[in-house]
Amino acid sequence: MEYAYCGKSGLQLPRISLGLWHNFGFTDDYDTARDMILCAFGAGVTHFDLANNYGPPPGSAESNFGRILGEHLASHRDEMVIASKAGHLMWAGPYGDGSSRKYLMASIDQSLKRTGLDYFDIFYSHRYDPNTPLEETMQALVDIVRAGKALYVGISKYPPEEARRAMRYLAERDVPCLIFQDKYSMFNRYPEEEILAVTSAFGSGFIAFSPLAQGLLTDKYLHGIPEYSRAADPAGFLKKEQVAPLLVEKVAKLNKIAAGRGQSMAGMALAWALRDERVTSLIVGARNVDQLKDNLKAQEHLTFTAEELSLIDQILDGATL
Ligand SMILES: NC(=O)c1ccc[n+]([C@@H]2O[C@H](COP(=O)([O-])OP(=O)(O)OC[C@H]3O[C@@H](n4cnc5c(N)ncnc54)[C@H](OP(=O)(O)O)[C@@H]3O)[C@@H](O)[C@H]2O)c1
């Protein structure tokens, strides 16, 4: 596994990290979840991305992760970078959603309890909340670090101007924003417009979520929607109608380029998302160990020729999911 320094910090992250949004809840198969975590860690994936609400039910991915850690990896805690977040709906009433100090403070305590951890390596504000003063959210992050509940902080999905304000606030209090987390893939190039320049100006790292566009940037939808897929799962976040024929046609063409490179479609999509050195790491999702192993193989061929990049741009032609 290759590691990269996260922005200007001294913390290195694996180029491929594992996310626990789907497939790690109480409704999922525990043994498979455990095998994926152990396979990832064994392959050098030291970074695991959680959030308070991952499941289903919400919170159960953290509980399962804590159990797996306790049963199999307890002696390896210092070899791991574990992240969690708060910002989306977690519990009823006015204090279980948004980005108030009240919510973040209560949520990190709950997340620590569920995972059984003494501290998170990274704690994120999961989203910008226009109804909470940005200073209130950032001060909560600063105080979380000062209280020893997290070593570093990050922000996710903030619009560029709010990201600048947040990073300035944190830097002025000597709790620099370690990392910015945003959606980035061949089918979502929005961070290229401004966010990557913002993160690099502030010395923050950038970590991409949904780098496979939730599975669309693999070969799985080339011949319809398979039974065991996120698009077929009514609880999944990828909707059937998002598997649009135009996008599938593009994936079929991209898949030919991937084959020419000796890579799977998923492998090439991940290598492509890592081509910009401002991208520290990608958080991949997986439903089983085979998918995870396929994704880890992306590292075997990370470089692209100018012709390949230009052909990929032509095929993508601004398509977004
Ligand atoms: N900050 C935020 O707001 C935010 C939002 C979303 C996600 N995230 C983080 O990012 C992580 C990754 O997001 P994601 O799960 O959407 O990422 P993704 O890597 O784009 O999609 C993962 C899904 O694609 C399919 N897949 C993965 N590898 C495959 C392969 N080699 N071949 C065929 N299919 C494959 C699987 O779905 P099937 O079920 O179809 O097999 C898998 O669950 C999350 O776990 C979470 O930690 C953060």
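User: Before we start, what counts as a helix or a strand here?

Analyst: Helices, of at least four residues, and strands, of at least two, are DSSP runs numbered from the N terminus; please also keep in mind that this is a predicted model.

User: What about aspartate 174, what is its phi?

Analyst: The phi of aspartate 174 is also positive, near 60 degrees, and this residue sits in the loop between α5 (160-172) and β8 (177-183). Aspartate 174 is exposed, with 9 other C-beta atoms within 10 Å.

User: Switching to the ligand, how many residues surround it, and which are the closest?

Analyst: The ligand is surrounded by 30 residues, of which the closest are Gly19, Trp21, Phe209, Gly215 and Gly285. By class, this shell has 14 polar, 10 nonpolar and 6 charged residues.

User: Which element supplies the largest share of that shell?

Analyst: That is α9, with 3 residues; both β10 (281-284) and α9 (289-296) supply at least two residues each.

User: Last topic, which peptide bond to proline 56 is cis, and where is that proline?

Analyst: The bond from glycine 55 to proline 56 is cis, with omega near -5 degrees, and proline 56 is placed in the loop between β4 (47-49) and α2 (60-73). Proline 56 is in turn joined to proline 57 by a cis peptide bond, with omega about -10 degrees.

Definitions and conventions
Residues numbered from 1 in each chain as written. Predicted model: local features only at pLDDT ≥ 70, side-chain atom pairs only at ≥ 80, totals over all residues. Near = placed C-beta within 6 Å. Nonpolar A, V, L, I, M, F, W, Y, C, P; charged D, E, K, R; others polar. Buried ≥ 20, exposed ≤ 12 C-beta atoms within 10 Å, placed from the backbone.
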